[in-house]
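Subject: Structure for your review

Dear colleague,

Please find the structure below, handed over for your use. My notes on it follow.

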Amino acid sequence: MGIVSLIRMPVDLFPKIKIPVVVVATFYSGMPPEDIETSITARFERFFTLGSGIDYMESRSLSGVSLIKIYFQPGTDADSAVTSISNLAMADLKQLPPGTLPPVVLKFDASSLPVCLVALKADNLTESALRDLGQYNIRNQLANIQGASVPQPFGGRYRQIMIYVDPLKLEAHQLSVMDVVRVVNNSNLILPAGDVLLGPYDYSLFSNSQLDTIEEMNQMPLKVVNGSFVTIGDVGYAKDAAQIQTNIVFVDGRPSVYLPILKQGGDSNTISIVNDVKRAVKNLLDVPKELITSVVFDQSIFVKNAIENLIHEGSIGLGLTALMIFIFLGSLRATLGVFFSIPLSVLATFSILALGDNSINSMILGGLALAFSRLIDNSVVVLENIHRHLELGQSPEIAAEEGGKEVSLPVLAATLTTAIVFFPVTMLYGVSQYLFCALALSVIISLFASYIVAMTVVPLYSALFFKPHEHNNSKDKNTHSSLTTRFNKWFNEHFLHLLQIYDRVVQYILQKPKLTLQIFTLIFASSLAIIPFLDLSYFPRTDPGQFVINLKASTGLRVELTAEEVKKVEDIVRRIVSNGDLELIASNIGTTPDFSAIYTSNTASHTAFVQVSLKEKHKVGSYEYMGIVRKALEEELPHLTTYFQTGGLIDAVLNLGLPAPINIQVSSNNLEKNYEIACELAGKIKNVPEVSDVFIPEDIDAPALMLTIDRKHASEVGLNQKEVISNIITALTSNQMIAPNYWVDPISGYDYLLTVQYPENIVKTLEDLKAVPLRASKKTKSIRFDALTSIASTKSPTVVSHYQLRRVINLYVSTKQEDLGRASKQIDSIIKKISIPDDIRVTVRGSVEAMNTSFKSFGFGFLLAILLVYLVLVAQFKSFIDPFIILLAVPPGIIGVLLMLSVTGTSLNIMSLMGIVMLIGIAVSNSILIVEFTHHLLKETTDLKSAISMACQVRLRPVLMTSLATIIGLIPMALALGAGSEAYAPLARVIIGGLTLSVLLTVFLVPAAYYLIYNPSNSIRSTS
């Protein structure tokens, strides 16, 4: 059953993050960001507050696009969230401006990061043809992949049937551009002609209401003058062309198109989605032979490598653990008996996890890798005790029964204490809770499975396969060579010598127990001075093998000019990143007011992002390349504002899609004042030594023109506000939004916009704009646009951002190193020092907020874990004093943790904090063995010193065996040898450092404390 569950379970990087995110996208092409904000975004936001289970809302109002993200509280049902927001959006639709398209409501994954991109390029295909293939052909074949969401393609040009009209010819024929629009829309209709009953048959009727060819369009009559027709060909021409391009994509320097593939959430997982995409791309139908398709920026590679490295490191650790057990037991047969617990416990774990709809992910595998050495601890203690009884001359059957019973209490206590420390994990909030609940669940299930194996399978195995005095004689002809026998003899002799030295030290400590504890207390207090010098971070930094450069050129720069700047950035990247490391560069410039705006960080024509993918075996790390490229851009392109991020799955999931570990928000209703304070903060934060990038995504100084129409004069010439604006919109950007019309390709059946506008190169200057002719329908003469309108220069925002319905300006701050603590403290200090008006709020979000929250949770969890361990021990030992003695194993572990973090330069993060919590349960199991066996011996002797000394000598072997097995088994993970393994190295290092020092000191502290308390002359025991 375990094997079947293992095969069927999906594989992914992280467990399911059950934090539903719903996106509401609304479009009104041509509407400026501030109008989008007030007329669409704000109205929806206020109405969405009626929804239940909402954690917070954030929004972006771009030119022609309103994007609202609603984050629900963890655990909320995603489908219910979508349904409730959809219902509210439809109910509020009547409040929106006339002409607004109905909102699109989508369910999002928490990270909102594409798992891969499907890039399209061809030498003999135009950008329009590439986009057409991506939009109508390839996207349709990828859309049915289970768990995948395939948005519209980026890049290329939208195919559009354009009717280009000449303003001078329009004026000569006494027509306006809206006259042409009305004629075209009345002549190109998708209308059913119905049917007619003639005789015995029912005939379907078809008409030529739809224009089929460009020639038909050019011959379309606009009006009749003196018996002659004025056609479209007389005032312009129709062309199968493309709309004005506002989004450009380069893949390896060539104009291209790509489709992002996102994960929907639910049962979907990264690896299966990418594999299905690759299969579908290899078997595309109805595509030109010259089309080249490739799957790039494959996030599943990192996921596979991370999981494979975890398995690899766990396997190496398992082998080292086996070697350590073999050295101590001196028997291959005994070692094999111990290792029964691992496959049985792991398979039982996967069987139970499969019932809970879990996946095989790095957190579960990391938990099992950490637990591997702990899974054999119970079996080692049982087996070692059985060997001790065999050495006393008992038969294997009796030794198995008595040896198992004798340690059943300490083994159960050790299992419970190791498991109970994970309870505080349930108190974590947000992403951390889902990550560590999965890890904790895998460890707890496997530990209890190992306990059952240790209490049943190991004694049975010992009774059947062990011989009397096998351990003592070290003879097993089937499994032992003479070399092994000699080594075992040598090892046992040296271990006996070690026991003698240990016994002398224990005897000395028992003479001065108070001094021993006082010295330790002083050492422990001194070690706490290390804490202020430790780096603080939320999650260990990993190398994703890629990075992203977000950039801004001069505000309002045209998209084609921004593309030229992006090419310069790409050239610098190619110069710095070696050919052996560079795999691909993909750039995305500008944005389009359609569905693609949901999936891009770009806000306007002057914004772009450059994605750089490194080869799987790259020699130089992503962060090192980022530092070099950042410095080169500052020196060579200082007019560009840049912000670097990894673009990896781990950061995206941990930050819930935020691009920065530190996100400072300046909020009030005064956008200009917000921006002023944000710029002041940015200037000061840039000087913080730990900070690498400071980026403000919003701009409020985009060049704009304010058109003031003289309503009275317009009325005198037969025009109104709507007619004037409609003419201007149509002349410059076509009528696609105010009066859309569609042409259906008779060959493919795909529909395309049929629009009217001026040729793109007609209006080049402000004078050209002023000269646009306007004509009322009942007037014969036209009038210039500037005769009715005054034009003034102004500034406008490119995007208006909201958080919890308030206007905000964001500052994205990234740090040079992993440490967030020092940078955060200095940023907090800067915020406190600047003068902030009472109506403005400055808040800090991102990973630093999650870090502070998690640290508080872990701090409380640490105390709660100790309390729970204490209560479990009270119940097990029926004493309030013994648990205090047993818990003396924890302070030495803390000393070891602090020293290990300091020596290795490892930050204090949620993974290392998780290691500290785990260490509590692991460390106390050693002191449990000593205390429990001392009590057992006191039933046979009244000499307290002799009982303590004997217990320490007998239990030193299992203590060292289990501890060394854990320490050595975690060394491969602590070394972080492969991609993604950096995430789990802090956890392993903490346990190695803490357990090492805990073992070295516990075997001396516990005897001293036990003697001090249970000495008949001591008042503590008398009181208890």
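In helix α12, the residues Ser341, Ile342, Ser345, Val346, Thr349, Phe350, Ser351 and Leu353 are buried. Please bear in mind that this is a predicted model. An α-helix has 3.6 residues a turn, so residues three or four places apart point the same way. Just after α12, Asp357 adopts a positive phi of about 60°.

The next item is a sheet. Four strands make up an open sheet with mixed pairing, in the order β14-β9-β28-β27. Its edge strands are β14 (236-242) and β27 (742-744), each of which pairs on one side only. From one strand to the next, the twist averages 30°. Strand β28 (residues 751-757) and β27 are paired in the antiparallel sense, over three bridges. Within this part of the sheet, Trp743 has Tyr752 in β28 as its bridge partner.

Finally, a single residue was examined. Thr231 belongs to strand β13, which comprises residues 228-231. Thr231 has a relative accessibility of 17% and therefore counts as buried, the cut-off being under 20%. Apart from neighbours within four places in sequence, Thr231 is in contact with Asn218, Gln219, Met220, Pro221 and Leu222.

Yours sincerely

Definitions and conventions: Residues numbered from 1 in each chain as written. Predicted model: local features only at pLDDT ≥ 70, side-chain atom pairs only at ≥ 80, totals over all residues. Heavy atoms only, no water. Pairing = 2+ DSSP bridges. Helix = DSSP H or I, 4+ residues; strand = E, 2+ residues; numbered from the N terminus. Axes fitted to C-alpha atoms, helices over the stretch in contact; angles between N-to-C directions. Buried < 20%, exposed > 50% of the residue type's maximum accessible area, 1.4 Å probe, protein only. Contact = heavy atoms within 4.5 Å.
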